[in-house]
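Subject: Structure for you to look over

Dear colleague,

I am passing on the structure that we spoke about, together with some notes on what was found in it. Please read the notes with the structure open beside them.

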Amino acid sequence: MPVLLWIVLPYGALMSFVFGNVWRYRYDRFQPAGCGPDIDRMERYGADAFRVGTVLVLAARATDVIASGPHDHPRGALHGILVVVEMVAGPTAAAGAVLVFLPPMIAGAHRAPVTPLDRLTLPVLTAVALSGILVRVDPNYTSGNYRLAETLFPWARSLFTLHPNPAAMAHASALYQFRALIVLLLIGIWPYTRLAGIFAGPVVRYAGRRRADLARLVPLPGNSGIGFRSRG
């Protein structure tokens with residue numbers, strides 16, 4: 001069971017994320033989420049808030065993972081900065097997710113269809129946020145033992161070294177195991193929900209516009225490619 005939960009399942013979720021994004025790009029270029037004429041201003045604001053909040057949360061968590069010691073969190077000003085960033089970015093991302101997911105669920109038929117995975121995503125995001133808060137206020141953490149640095153952090157780092165350490169999670173409490181599993185679920189379903197389009201959609205559309213702009217220019221004949229003329 002430890003091998004299944006803490007080795008097979010994590011790599012399966014990562015493979016689902018990678019190949020799912022490739023499939024999504026080929027299927028619809030990440031169009032359904034956060035774009036199109038049927039997306040109102042509230043959803044656009046929600047997508048922007050979710051992007052900013054999520055990026056800041058991920059940056060803070062990545063810094064925490066890298067800078068934490070074997071049994072302790074980062075010290076000094078860095079720890080204070082990380083706490084403030086997460087206190088601001090977490091609610092921002094949560095509010096953005098609500099604005100992105102709720103309007104399509106309660107709107108009429110003119111909106112893009114909401115899939116079962118889209119309906120699952122908001123509860124999963126809520127569970128991710130709540131579990132993050134609970135591990136932060138864990139009594140073991142406040143008494144001086146930074147349980148994140150003893151369980152989730154070494155396990156997560158070991159996955160990227162290709163030498164997974166399932167023992168770090170096998171002996172963790174249920175709260176930390178739930179935190180890991182709910183994050184893995186979010187990673188696994190990400191490409192198949194509206195979340196994928198929030199981040200990848202703008203990048204794909206920008207790249208498409210750049211290619212279109214370059215395609216309008218072709219080398220002038222007989223001028224060694226120095227001059228250009230408009231194709232249209």
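Leu162 is exposed, with a relative accessible area of 64% (exposed means over 50%, buried under 20% and partly exposed in between, with a 1.4 Å probe and protein chains only). This residue sits in the loop between H7 and helix H8 (167–170), and its phi is near 65°, a positive value in a residue other than glycine. Most residues other than glycine have a negative phi. Arg29, in the loop between H1 and helix H2 (41–67), also has a positive phi, of about 55°, although it is not a glycine; at 38% relative accessibility, Arg29 counts as partly exposed.

Please bear in mind that this is a predicted model, in which local features need pLDDT of at least 70 and side-chain atom pairs count only at pLDDT 80 or more, while totals for chains, interfaces and linings use all residues. Residues are numbered from 1 along each chain as its sequence is written, and side-chain values use heavy atoms, with hydrogens and water left out.

**The chain as a whole**

The chain has 10 helices and 2 strands (DSSP runs, H or I of at least four residues for helices and E of at least two for strands, numbered from the N terminus). Of its 232 residues, 37% are buried. Among the contacts with a separation of 6 or more, 71% are between residues 24 or more positions apart, where contact means heavy atoms within 4.5 Å.

**Helix H1 and its partners**

The axes of helix H1 (residues 2–28) and helix H9 (residues 174–189) come within 8 Å and cross at roughly 25° (axes are lines fitted to C-alpha atoms, for helices over the stretch in contact, and angles run from 0 to 180 degrees between N-to-C directions). That makes H1 roughly parallel to H9, since angles under 35 degrees count as roughly parallel, over 145 as roughly antiparallel, 65 to 115 as roughly perpendicular and the rest as oblique. Residues of H1 including Leu5, Leu9 and Phe17 take part in the contact, as do Leu181 and Ile187, among others, in H9.

With helix H7 (residues 152–160), the axis of H1 comes within 11 Å and the two cross at roughly 55°, which makes H1 oblique to H7. Here Trp6, Pro10 and Tyr11 in H1 meet Trp155, Ser158 and Leu159 in H7.
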